[in-house]
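Student: Could we look at a structure together? I would like to learn what the words used for it rest on.

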Amino acid sequence: MLVGTVFLAIAGGALMKMSKSAQGQKAMQLRVGGGAAFAAAVVVLLLGCIRIVEPGYAAVQILFGKVREEPLLEGMHLINPFVDIEKLSIRTEAYTMSARHYEGEVVGDDAIVTLSKDGLSLKLDVTVLYKLDPKAAPRIYRELGPEFVRKVVRPAVRTVIRTQTAQHLAKDIYTEKREELVLAIQAGLKKEIEGRGLILERVMLRNVELPQRLQQQITEKLAAEQEAQKMEFVIKKEELEAKRKKTEAQGISESNKIISGSLSTEYLQWYYIKTLEQLVRSPNNTVIILPFDQKLTPLIQIPGGVNKR
């Protein structure tokens, strides 16, 4: 755009100079053409002063090879037409190192291989969420260039992860202390990259691959612990059931004691007679069982159709 401005200005000056040696209508045409060229040069120059930065980017200003300290954020800006700009993304970016092909930034197996505190080899899949601090964009561009991820993020992630895993046992990383390791990695990585103008958002430990033998031992141990918890639950359930039955038996025993203490001979005879009366009146009974201490026949046949006595 600057080249076009210079060309139009030169063309306008040449036309104006030619108009001085010309006469009549031709001179007028040359002056009009020269004026139009100058006007076009001014318009192009003004347009060259307007720069637009898209959302999610910060622009670094470079004037004659020197980086200016003031970044341009999203929106329209009126700047020196001789200034060039380089745009850097300030959106959240994800950098993944994985054993799966085409899943991470590097094609192929890019998982982090490291050693645990007990000397076992571990293979980790990691994703780091980060973004560029807009205010630090000029410094990052000047000191690191556009490839700051390769120069800072990747080596920092690998170094911090290896340092932190060396302080944890392999079985702890695979089980309950995994989150503790992630927090330690996040704290160490934050210290490493935030001094370089980057903002760390989150570290995700996506997969931990242990030696096959150790992984089998941990799985068996977890299964044994679950079985022990199941048996403990069954024992507690049986203990509660035994307590329930004991309480029920005590209640029945106390109830029987109360009932036996309140029964008299007269009441039992009356209740006995009322029961016999119900049996005699029942159309389905032909046999009445009487106790021997009443001096009656144990079995009395009641024929059908005969009045019952």
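**Strands and a surface patch**

Tutor: Let us start with Leu78, which lies in strand E4; strands (E, at least two residues) are DSSP runs, numbered from the N terminus. This is a predicted model, where local features need pLDDT of at least 70, side-chain atom pairs count only at pLDDT 80 or more, and totals for chains, interfaces and linings use all residues. Residues are numbered from 1 along each chain as its sequence is written, and side-chain values use heavy atoms, leaving out hydrogens and water.

Student: Why is Leu78 called exposed?

Tutor: Exposed means over 50% relative accessible area, with a 1.4 Å probe and protein chains only. Leu78 has 71% relative accessibility, so Leu78 counts as exposed.

Student: What makes the nonpolar surface patch?

Tutor: Ile50, Ile52, Met76 and Leu78 make this patch of about 460 Å². Strand E1 (50–53) and strand E4 (75–78) each give two or more residues to it. Patch residues have over 30% relative accessible area and no salt bridge, and nonpolar side chains are joined within 5 Å. A salt bridge would be a side-chain nitrogen of Lys or Arg within 4 Å of a carboxyl oxygen of Asp or Glu.

Student: How do you know that E8 and strand E9 pair?

Tutor: Two strands pair if DSSP finds at least two bridges between them. E8 and strand E9 (residues 198–209) have 10 bridges, in the antiparallel sense, so by that definition they pair. Within E9, Ile199 is the bridge partner of Lys131.

Student: What joins strand E7 to E8?

Tutor: Four bridges join strand E7 (residues 112–115) to E8, and the two run antiparallel. Ile112 stands opposite Leu124 in E8.

Definitions and conventions:
Patches are made of residues with over 30% relative accessible area and no salt bridge: like charges are joined within 9 Å, nonpolar side chains (Val, Leu, Ile, Met, Phe, Trp, Tyr) within 5 Å. Accessible areas come from the Shrake-Rupley method with a 1.4 Å probe; for residues, only the protein chains shown count as cover. Buried means under 20% relative accessible area, exposed over 50%, partly exposed in between (1.4 Å probe, protein chains only).
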